[in-house]
Amino acid sequence: MKYWVVCCNVGHCGTNRSRDMGLAIEAKDALTAMSIARHFPGVKHHGTKYFSSVREITEEEYRERRKESAYIKALRY
């Protein structure tokens, strides 16, 4: 398995507002990682235009990103 960071838009932040969130996901390829990210709560999921980027990361970076919730990071002001 490979490790990915999927940057996507999170809704439910008020009228016509959204925030970017980077989700650390373990998957076999980038498309599978995007498909997994689409089903996370709050992620806008109608169309791929809500995904900013997908990049492969190391296992160490994956473990670091998983220590703190991506939702907490995304909703900081």
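**Close-up views of a predicted chain**

**View 1. Overall fold of the predicted model.** Along the sequence, the elements run β-β-α-β-α-α. That gives 3 helices and 3 strands, taken as DSSP runs numbered from the N terminus (helices H or I, at least four residues; strands E, at least two). The model is predicted, so local features need pLDDT of at least 70 and side-chain atom pairs pLDDT 80 or more, while totals for chains, interfaces and linings use all residues. Residues are numbered from 1 along each chain, and side-chain values use heavy atoms, without hydrogens or water.

**View 2. Surface and contacts of the chain.** The chain has 77 residues, and 31% of them are buried (under 20% relative accessible area; exposed is over 50%, partly exposed in between; 1.4 Å probe, protein chains only). Of contacts (heavy atoms within 4.5 Å) between residues at least 6 apart in sequence, 58% join residues at least 24 apart.

**View 3. The buried face of helix α1.** Helix α1 spans residues 30-38, with Ala-33, Met-34 and Ala-37 buried. These buried residues fall within an arc of 100° seen down the axis, so they line one face of the helix. The arc is taken over directions from the helix axis to the C-beta atoms. Their cover includes β1 (2-10), β2 (19-27) and β3 (51-57).

**View 4. Cys-7 and Cys-8.** The whole structure holds 0 disulfides (cysteine sulfur pairs within 2.5 Å). For Cys-7, the nearest cysteine sulfur is that of Cys-8, 7.4 Å away. That is too far for a bond. Cys-7 is partly exposed at 23% relative accessible area, whereas Cys-8 is buried at 0%.
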